[in-house]
Amino acid sequence: GLRAGTFLCAEMLVRGTADLPPGSSAVPVRLADPQVAALLAPGMRVDVVVPSAPDASGEPVVADGRVLTRGALVLPSPAPAAPSDGGLLGVAPAAEPVVLLAVRVNDAPTVAASAVSGSLSVVLVG
C-alpha cells in the first residue's frame, strides 16, 4: 500500500514473477557463455543442458550433455545491479548476466543446484 502522491522508482516494482505459468517456479541461472544471455528474450522457450562430467581421471568425456528441463520459459530479466566504483583498484569486475527461467516445479531444485556451477547451457526450442 502506498499513499497518494508517493513517487515510484524501478526498485520498488516487482518484475516477472507474477506471470509464472501454473506449476512452475522461477529459477535464476548464469550460463556458461554469458554472451548467450544476450540472445534470449522474454517469452522464448529453452531446454536447459548441463555438460558431461569429467571421467575418473579428470578428463572431460565426449560432450553429450544432459537435459535438466525442457521448454523452460525465459522471464523478464532482473534489473541490472548498480554500477560499482571499482573499489580500491578502480576496476570493477564484469557482472555476468542472470537469466530468469520458469521451469517445472519438479525440475526447479535440480536446475537451481546445477546453476551454482555456472556451467549451464541452453538450447532454443520452438
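Student: How many bridges are there between S2 and S5, and in which sense do they pair?
Tutor: S2 and S5 pair in the antiparallel sense over 5 bridges, where two strands are said to pair if DSSP finds at least two bridges between them. Within that pairing, Val 48 has Val 122 in S5 as its bridge partner. Helices (H or I, at least four residues) and strands (E, at least two) are DSSP runs, numbered from the N terminus. Before going on, please note that this is a predicted model, in which local features need pLDDT of at least 70 and side-chain atom pairs count only at pLDDT 80 or more, while totals for chains, interfaces and linings use all residues. Residues are numbered from 1 along each chain as its sequence is written, and side-chain values use heavy atoms, with hydrogens and water left out.

Student: OK, and what order do the strands take in the sheet?
Tutor: The sheet is open and has 5 strands in the order S1-S4-S3-S2-S5, with antiparallel pairing. S1 and strand S5 (121–125) are the edge strands, each of them pairing on one side only. From one strand to the next, the twist averages 40 degrees, with axes taken as lines fitted to C-alpha atoms, for helices over the stretch in contact, and angles running from 0 to 180 degrees between N-to-C directions.

Student: What holds strands of a sheet together in general?
Tutor: Strands of a sheet pair through backbone hydrogen bonds, in either a parallel or an antiparallel way.

Student: Then how many bridges join S1 to S4, and how many join S3 to S4?
Tutor: S1 and S4 run antiparallel and are joined by 6 bridges, and Ala 26 stands opposite Ala 102 in S4. S3 and S4 also run antiparallel, joined by 2 bridges, and here Val 74 stands opposite Leu 101 in S4.

Student: How many residues of S4 are buried?
Tutor: In S4, 5 of the 6 residues are buried, so that the strand is mostly covered; buried means under 20% relative accessible area, exposed over 50%, and partly exposed in between (1.4 Å probe, protein chains only). Over the chain of 126 residues, buried residues make up 25%.

Student: Switching to the helix, which residues of H1 are buried?
Tutor: In helix H1 (residues 108–115), the buried ones are Ala 108, Val 111, Ser 114 and Ala 115. They lie on the same side of H1, because they cover an arc of only 140 degrees around the axis, the arc being that of the directions from the helix axis to the C-beta atoms. Pro 109 and Ala 113 are exposed residues on the face of H1 turned away from its buried side.

Student: And what do the buried residues of H1 pack against?
Tutor: They pack against strand S1 (24–29), strand S3 (66–74) and strand S4 (99–104), where contact means heavy atoms within 4.5 Å. H1 lies across S1, S3 and S4, and runs at about 5 degrees to S1.

Student: Which residues touch the most other members of the largest nonpolar core?
Tutor: Among the 19 residues of that core, they are Val 29, Val 99, Leu 101 and Leu 120. S1, S2, S3, S4 and H1 each supply at least two residues of this core, and a nonpolar core is a set of buried Ala, Val, Leu, Ile, Met, Phe, Trp, Tyr and Cys residues joined through side-chain atoms within 4.5 Å. Leaving aside neighbours within four places in sequence, Val 99 is in contact with residues including Val 27, Val 29, Leu 40 and Val 74.

Student: Last one, is Asp 64 buried or exposed?
Tutor: Asp 64 counts as exposed, at 61% relative accessibility, and its place is in the loop between strand S2 (45–50) and S3. The C-alpha atoms of Asp 64 and Pro 51 are separated by 6.9 Å, with the two residues 13 apart along the chain.
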